[in-house]
Each structure stands twice: as structure tokens, then as C-alpha cells.
Amino acid sequence: VLGVAMISGTYILTDTIDKAFSNLFTQSYAGTDAVVQGEGPDISIDGAAAPTPPVDASLLETVRGVDEVELATGGIYDETNTKILTPEGDAVSTGGAPSFGFGIDTSQEYAQFNPLNLLEGRWPSAPDEVVIDAGTADGQNYALGDTVEIATLVPKRAFELVGVAQYGGIDSLGTATFAVFTMPTAQELLDREGQFDVISVAATEGTSEEDLVSTIQSVLPAGVTAQTATAETEEAQDEIGQFTSIIRYFLLTFAGIALFVGAFVIFNTFSITVAQRTREFATLRTIGASRRQVLAAVILESIVIGIVASLIGLALGLLLAEGIQALFGTLGFELPTAERVFALRTVIVSMLVGVLVTLVAGLFPAIRATRVPPIAAVREGATLPRSRIAPFVPWIAGLVVVGALLLLGRAMFSDDLGTADRLIGLAGGVLLLFIGIALLSSRLVRPIAALVGLPARRLGGAAGKLASGNTVRNPGRTAATAAALMIGIALVAFIATLANGLKTSNREAIEEQVSADYVITAQDGYTPYPSAIGDALAASATPEIVSPVRTGAALVNDDEAELGGIDADTITSTYNFDWTEGSDDVLADLGTTGALVGGRNTGEARDSAGDPRRLVVGEEERAIADQAPAQIGAELVLVVG
């Protein structure tokens with residue numbers, strides 16, 4: 001029930017999130033046939049994509065001049081540089097979700113391109129007016145007419161709240177926020193003077209999206225591309241699909257663990273019930289039942305139990321999806337939602353997995369039931385006969401354990417494995433190790449019970465002696481029961497060890513490498529923030545040294561890579577490089593064509609130090625040469641004094 005509920009709840013939750021985003025993107029492009037935007041490299045490192053460059057605002061008139069264009073307008077859609085402040089002056093936390101800054105032509109003529117729906121008030125018409133999302137307005141108790149402070153690429157500024165809106169038909173964007181300014185204001189605040197992020201286009205009647213894009217592309221300069229609204233929607237949905245698949249696989253992993261543990265419990269339950277019905281099966285054999293009929297009867301019971309339990313788990317999945325959604329909200333990771341999606345795939349997968357796990361777990365006890373001899377019906381205290389492979393179980397278990405240890409050793413210590421292969425090896429090795437120990441555990445019950453049961457036998461009286469004796473009466477059952485607890489405790493120990501290990505290693509790395517007195521990051525520790533913050537801090541008299549660090553995605557020799565940017569003049573006062581080759585002296589020679597290579601590429605960099613490489617970031621392309629291998633930090637501002 002629990003395992004199937006996890007599967008059902010996971011699919012319901014992620015399908016609902018997919019639907020919410022799908023509705024959002026579909027509604028956003030409902031009145032658009034083509035999109036014109038800058039063309040940058042298709043790069044994404046650890047989920048961080050290279051930004052798409054803006055286009056010159058003068059292109060809007062060029063696009064409007066195309067015969068196949070009915071309407072066209074420009075827009076500003078910035079995802080990271082607009083922070084709405086609370087009444088207390090803190091930035092509204094998005095938990096890593098986007099904080100949009102919009103510049104939209106809100107006139108009635110171009111209303112079909114506006115992805116927002118106004119719920120209260122009106123659209124901004126003056127430089128000091130703003131419209132914010134309904135979630136932020138409700139959460140911070142902002143009302144029309146209130147003053148709202150917003151930080152962008154310029155120092156924070158006060159605006160009058162003149163409207164509240166929602167994105168498409170979505171009631172909530174989760175923890176994401178947005179602020180809508182007049183177009184000139186958005187261009188000023190978000191460093192887009194004379195530029196647009198996107199030009200949205202509607203075709204004349206009878207013109208297809210493909211024909212419209214083809215015609216527009218012929219008048220566009222290099223570095224600017226036109227794309228159909230359908231393709232843009234599908235691309236956005238694919239990106240969200242990758243995000244939700246991470247959540248799906250993460251939750252399904254726990255569902256698999258629940259089913260794995262459940263299999264031990266089911267196996268043990270069937271073993272006990274089969275043993276208790278030895279005389280019943282023997283009587284059936286005596287009056288003519290065949291071994292196949294007895295096997296079919298027990299298998300049928302396991303199938304019926306699997307179906308009933310899976311149906312219960314399927315229904316509980318709905319409640320579990322609501323619970324997980326609420327948990328995400330509590331953790332500050334609220335996601336957009338729509339009406340719950342209960343897909344046929346969810347029903348099929350949940351029922352199939354639940355029934356198969358129950359069937360497989362009950363299969364071996366069912367096979368043992370067929371070996372009950374008819375004579376057992378007239379004997380008191382008859383027990384099930386041992387299987388033919390019982391004498392070989394210790395050897396099989398030993399081989400499984402050895403194989404598990406070899407697999408774990410390769411996954412932990414091999415240098416030629418990628419992250420995915422390493423994780424798969426660890427998961428497979430742990431699974432085999434659990435199975436191997438479970439097979440061996442029945443041999444360990446008697447010596448463990450003799451030691452652990454000593455206090456019960458001496459102090460527990462008759463009840464203690466009965467309990468101790470019952471434990472060793474059937475070591476196989478005792479071991480199977482304890483195996484589920486063993487797996488649970490092992491998982492708790494694993495999570496606690498992993499979390500503490502990550503915490504300790506991160507702390508040690510920071511203490512060893514960061515020599516600054518203060519480190520400035522976003523509130524959540526990883527969301528990018530405007531580089532102007534570092535500039536403003538450096539211009540103040542309070543700190544002695546300020547050294548900004550920036551990160552982003554780039555192409556290096558046509559391969560995706562993470563790019564870091566440092567201030568070579570100040571970085572060594574705030575950060576200690578762990579040099580493999582070279583020293584701090586090479587920083588002075590970096591200029592605009594030098595680079596340091598660090599992390600996993602250190603060995604490769606040592607062999608190719610000084611070799612030219614081609615770097616592409618956004619619209620820019622230049623040649624660089626490795627100066628020396630080193631370990632480089634993440635996005636932050638380091639402050640001394």
C-alpha cells in the first residue's frame with residue numbers, strides 16, 4: 001500500500017505540475033504566432049543556461065514592415081534581477097524560483113500578447129507605478145495604493161502599487177514573483193535601454209507560422225532568430241519536463257525503497273500463513289488436489305491481495321500528492337499547480353508494480369506449499385520440507401555479498417566512471433548487499449538471539465523464555481522480519497552520514513579556501529543576484545577589499561563548460577587557490593585571453609597548459625589559453641575588513 005501510494009502520488013504530483021506549466025506556456029503564446037529574439041549558444045551547465053542576448057529595439061519596425069505581419073510588439077522578460085521587498089525591507093524569498101521583471105505593452109491594441117491577467121487595479125502608466133503578482137501581494141499584505149520597494153540592477157526604488165495580476169490562468173506561480181513596469185522603466189531598471197528581450201508577432205489571416213517565420217528571418221540581422229510560437233512552447237515545456245523528471249525520479253526512488261522493504265514483509269507474511277496451513281494443503285492433496293492446483297490457489301491469493309492493496313495505495317496517492325505539495329510549500333519550494341491529473345499511466349504503472357511485487361514475494365512460499373506431502377495431514381506438528389537449494393543458500397548468499405562489495409568498491413574508487421554510472425553502481429551494490437545479508441541472516445539468528453535474549457530469559461520469567469524460544473524456533477521467519485527493519489535503519493544511517501559528510505566537507509573547503517571576513521550571497525545561497533551589488537559595495541567606505549566572483553555557462557572548444565569570472569587584482573586577498581601548477585603570480589597575466597582550469601579538468605589542463613581554446617559566451621567569441629590548473633570558487637562576493 002505504501003509503495004504504490006508513493007508511485008501514485010509521485011505521478012499525480014508531477015503530472016499536475018507539468019499540466020500547470022503546459023497551461024501557462026500555452027496561454028502565454030495563445031495570441032502569438034512567432035517570436036523574435038537574440039541567438040545565443042545552446043548551453044546549460046547544472047541547469048544554468050547561458051542567457052539569451054537582447055535584440056535592438058529598432059528591429060520592431062523592421063518586423064512590422066513584413067507583409068505577413070499583422071501585429072508585433074516588444075517585451076522585457078528578465079528572470080533574476082527584480083527583487084520585490086517586504087514591508088520590512090527584506091527581499092521576498094523565491095526559494096530559487098524566478099523573480100521576473102516585465103516590461104509589457106499593456107495597451108488594448110496589443111492585449112493578445114500580454115501573458116498576464118489583471119485581477120485588481122490597472123496597468124502601470126507612470127515611471128513610479130508597478131503591478132505585482134497576486135501571491136506576493138497576498139503573502140506580504142500589499143494593497144492597491146501601497147508603496148512597494150523593488151531592487152533591480154539599479155539601487156532599490158519605491159513604486160506605487162496600482163494593480164495585482166496573475167500569470168495566465170494559473171492561480172499561483174508557486175514561490176516565483178513578478179513585477180510589471182512601464183516599458184521605458186523596465187528598460188532603465190534592467191539595463192535594456194534601446195533593447196527588447198523578445199518581439200512577439202501575430203500573422204495576417206491565412207499565413208502559417210512556418211511561412212511567417214521564414215519571411216521574418218530573411219529580414220533579420222545575424223545573431224537574431226525567429227521561431228514559431230509552437231516551437232517556443234514545446235521548448236519551454238521540454239525544459240520544465242527535465243525539471244519535473246528530477247522530482248519524479250527522486251520520489252520514485254523512495255517508492256522503490258518502500259516496495260523493496262515491503263517485499264520482505266509480504267514474503268514473511270506468506271511464509272507464515274503457508275506454514276500455518278500445512279495440514280490444510282496436505283488434506284487437499286489427500287483428496288486429489290494436484291501440486292499445480294495448490295500452487296495456483298496460493299498465487300491467486302497473492303494476486304487478489306496485490307490488487308486490493310494496490311487499489312488502496314492508488315487512492316492514497318491522491319492524498320499523498322497533496323501532502324508532498326504542502327511539504328514543498330513549507331520548505332519554501334512551492335510549485336505552480338493546476339487541477340489534479342490522474343492519468344491512465346498512473347493507474348497502469350501503480351497497479352502493475354503493486355501486483356507484481358506481491359506476486360513475486362508470495363511466489364516462493366507458494367512453491368513451498370506444493371511440496372507438502374499428503375501424509376502430513378494426519379501428523380501433528382508437521383512442517384514444510386526444506387527446498388532442494390536450501391543447502392546451497394549460504395554459498396549463494398556469500399557470492400551475492402562478494403559481488404555487492406566488488407560493485408560498491410568499483411563505484412566508490414574507480415576514476416573512469418561518470419556520476420550517473422557511479423550512482424547506478426552504488427545503488428546496485430547496496431541492493432545486492434541487502435539481499436545477500438538477508439539470505440545469510442537466518443544463520444545468524446541463533447547466536448544473536450542467544451546473546452540478545454539473555455536478559456529476557458533471566459529477568460522476564462516464563463514470557464521471556466517463550467519469547468527467546470519463539471525467536472529461534474523458525475530462524476528464517478525471524479530473519480525476514482528483521483530484514484525490513486535492517487533496511488530502514490541502514491537508510492537512516494546512510495542519509496545521516498551523507499548529510500553530515502557533505503556539511504563537513506563544505507565547511508572544510510570554505511574554511512581552507514575563503515580568507516575573506518564576509519561572504520555575500522543571495523538569501524537562498526545559490527540564486528544569482530545583480531552584479532551592481534558588488535559594485536555598490538566596492539564604492540562604499542566600509543569594506544577594505546571587495547572581490548566579486550561570477551559564474552555562467554559557456555562553450556569551450558564546442559564543449560559545454562562552467563565559466564568563472566574573478567577580479568585578478570583582489571581575489572588573492574580573499575581566496576586561497578589550491579594550485580596544482582603555477583602560483584598566484586599567473587593571475588596578473590590573465591588579461592582577456594587567459595584562463596585557469598580547475599576541478600575535474602585539472603589533469604587534462606596540466607597536459608594542455610598554454611594551448612589555445614575557443615570560448616563562446618552569448619554573442620561573444622574569443623580565443624583563450626590555459627594559464628595554469630587550479631580550483632576555482634562559486635558565485636559570491638568576498639569582503640575583507
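Leu259 is placed in helix H6 (residues 229–276), where helices (H or I, at least four residues) and strands (E, at least two) are DSSP runs numbered from the N terminus. The model is a predicted one, in which local features need pLDDT of at least 70, side-chain atom pairs count only at pLDDT 80 or more, and totals for chains, interfaces and linings use all residues. Residues are numbered from 1 along each chain as its sequence is written, and side-chain values use heavy atoms, with hydrogens and water left out. Leu259 counts as buried because its relative accessibility is 16%; buried denotes under 20% relative accessible area, exposed over 50%, and partly exposed the range in between (1.4 Å probe, protein chains only). Contact is defined as heavy atoms within 4.5 Å. Not counting residues up to four places away in sequence, Leu259 touches Gly3, Val4, Ile7, Val353 and Val357. The C-alpha atoms of Leu259 and Val357 are 7.3 Å apart in space, although the two residues are 98 apart in sequence.

At the level of the whole protein chain, 16 helices and 22 strands are found. The chain has 641 residues, of which 40% count as buried. Among contacts with a separation of 6 or more, 76% involve residues 24 or more positions apart.

In soluble globular proteins, nonpolar side chains tend to be buried together. A nonpolar core is here a set of buried Ala, Val, Leu, Ile, Met, Phe, Trp, Tyr and Cys residues joined through side-chain atoms within 4.5 Å. The largest such core has 38 residues, and those with the most contacts inside it are Val36, Ile199, Val201 and Ile216. Another core, of 28 residues, lies apart from it and includes Phe25, Val131, Ala165 and Leu335. With neighbours within four places in sequence left aside, Val36 is in contact with Val63, Asp197, Val198, Ile199, Val201, Ile216, Leu220, Val224, Thr225 and Ala226.

Val69 lies in strand S5 and counts as buried because its relative accessibility is 9%. Beyond residues up to four places away in sequence, Val69 touches Val63, Arg64, Val201, Ala202, Thr204, Leu212 and Ile216. Val69 and Ala34, 35 residues apart in sequence, have C-alpha atoms 9.6 Å apart in space.

Strand S5 (residues 69–78) also gives the most to the lining of the second largest cavity, with four residues.

Ser302 is found in helix H8 (residues 291–330) and is buried, with a relative accessible area of 0%. Excluding residues up to four places away in sequence, Ser302 touches Phe270, Thr358 and Leu359. Ser414 occupies the loop between helix H10 (393–413) and helix H11 (419–452) and counts as buried at 16% relative accessibility. With the same exclusion, Ser414 touches Gly409 and Arg422. Thr471, in helix H13 (residues 461–473), is partly exposed, with a relative accessible area of 28%. Neighbours within four places aside, Thr471 is in contact with Val445, Ala449 and Thr478. The C-alpha atoms of Thr471 and Ala450 are separated by 9.7 Å, the residues being 21 apart along the chain.

Most residues other than glycine have a negative phi. Asn141, which is not a glycine, has a positive phi of about 60 degrees. Asn141 is placed in the loop between helix H3 (134–139) and strand S10 (147–151) and counts as exposed because its relative accessibility is 66%. Asp191 likewise has a positive phi of about 60 degrees without being a glycine, and is placed in the loop between helix H4 (183–189) and strand S13 (195–196).
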